[in-house]
Amino acid sequence: MLNELDIIEVTGRTVRDSWGYPGVEAEVVLENGAHGRAAVSLGNTGRAEEQAEIVNDRLSEIILFEDASDQGRIDRELQQASEENGAGKNRNQGVLALSMAVARAAGAGLHLPLYRYLGGTSAPVMPVPMMSMISGGNGEKGLDFHEIMIVPQGAGSYSEGLRMGVEIYQTLKRLLAMSGFSTSTGDGGGFEPDMKNSEEALHYLMDSFQLTGYKPGTDVLVAINAGADQLYVKEEGTYCFSKESKKGGISINREQKDMIAYYMRLADGFPICAVINGLWKEDIEGRKQMMSLLEHRALMVSDDFTEANATIIRMEQAGTVTGALEMVEKARKAGHKVIIASDIRDTEEAFLADMAAAVRADYVKSGAPCRGECTAKYNELLRIEEFYRKPGRAVAEYFG
């Protein structure tokens, strides 16, 4: 006889992400009528139909009639099936979509919001939002660094921090337009102005802080997502700043020591609170040096727990809900700050917001305060915070 939380139906389908690229969505129905749905972007891979078929044909057979509340067991079986079929660990996005859908269905089956199902019934700690302002990376325009973000550390609540970010974003947009820069947006919704270098971008950010009425270093801080793996040219052993080179008319290639000195110079001139992936992942010695020089001034953030004091966790990297929870536990045991982050290209799926609240993440990183795939997460966190502001309920804490 079936239990009320047993899975009785599984469906996989193709959807589209924020850039129109394919994604896979999984939907799970339980015996008691509860259902859960979750979507994951596949990027420019063209594998959506394949992933949907995997969900419908292979993975559904594995979890049908299983107890949806047994997330660990389900995720292990899904991951094992993925590896046996050659997808590789944490690479089958159909597995991730199905894992998230199962968690959402189980929460609904128990009449619990997702964040309470994942994190328990105590009031959550609301994360500080890290919001993208200026984009770069692999795009044709913008900076060589992947993105520059703001962190409203002076806010008294999550909603206040988000409001500050929106105000600064709109001020920056007007400031860029008045200065003749393009205000088109790149990955994550950050602006893509053709500036000389990161210092110029940071100066514009400082001006936008002050014009909005916030004090740099007190009310608002800055975080740099360097994306150093994309900058590093292994054959030459240097970091190539091609856009900065083009605009300056001189080749800018920084070696390890130059990169560390560059970050120190930026930290001396601007209120930088975090550097994400500042050096090539395999340069352990360089990362160790950078950690020793800057850890007392800023978070050194990585996704591999090595030479860092903060860990960035993406659902796509974790592979399953259980994998993400295990990464959080590992980060906490290492004494790291936890940043729950969305991927570069995303859907309107808001699972990340519930995960951030559930695990009491220090920060949430979901792009700029614009574009539906970004605001879906930020808005869900507003709803979670609002729930705990109502009379008779415990008040949500805030790390800011």
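Reader: At roughly what angle do the axes of helix H2 and H3 cross?
Author: This is a predicted model, where local features need pLDDT of at least 70, side-chain atom pairs count only at pLDDT 80 or more, and totals for chains, interfaces and linings use all residues. Residues are numbered from 1 along each chain as its sequence is written, and side-chain values use heavy atoms, without hydrogens and water. Axes are lines fitted to C-alpha atoms, for helices over the stretch in contact, with angles from 0 to 180 degrees between N-to-C directions. The axes of H2 (residues 71-84) and H3 come within 10 Å and cross at roughly 165°.

Reader: Are H2 and H3 roughly parallel or roughly antiparallel to each other?
Author: Angles under 35 degrees count as roughly parallel, over 145 as roughly antiparallel, 65 to 115 as roughly perpendicular and the rest as oblique. H2 and H3 are therefore roughly antiparallel.

Reader: Which residues of H3 make the contact with H2?
Author: Contact means heavy atoms within 4.5 Å. H2 brings Gln71, Ile74, Asp75, Leu78, Gln79 and Ser82. From H3 come Val95, Leu98, Ser99, Val102 and Ala103.

Reader: In what order do the three strands form the open sheet?
Author: Helices (H or I, at least four residues) and strands (E, at least two) are DSSP runs, numbered from the N terminus. Two strands pair if DSSP finds at least two bridges between them. The pairing here is antiparallel, and the order is E1-E2-E3.

Reader: Which strands stand at the edges?
Author: Each edge strand has a single partner, so one side of each is left without a neighbour in the sheet. They are E1 (7-16) and E3 (35-41).

Reader: Over how many bridges do E2 and E3 pair?
Author: E2 covers residues 22-30. Val28 stands opposite Gly36 in E3. The antiparallel pairing of E2 and E3 runs over seven bridges.
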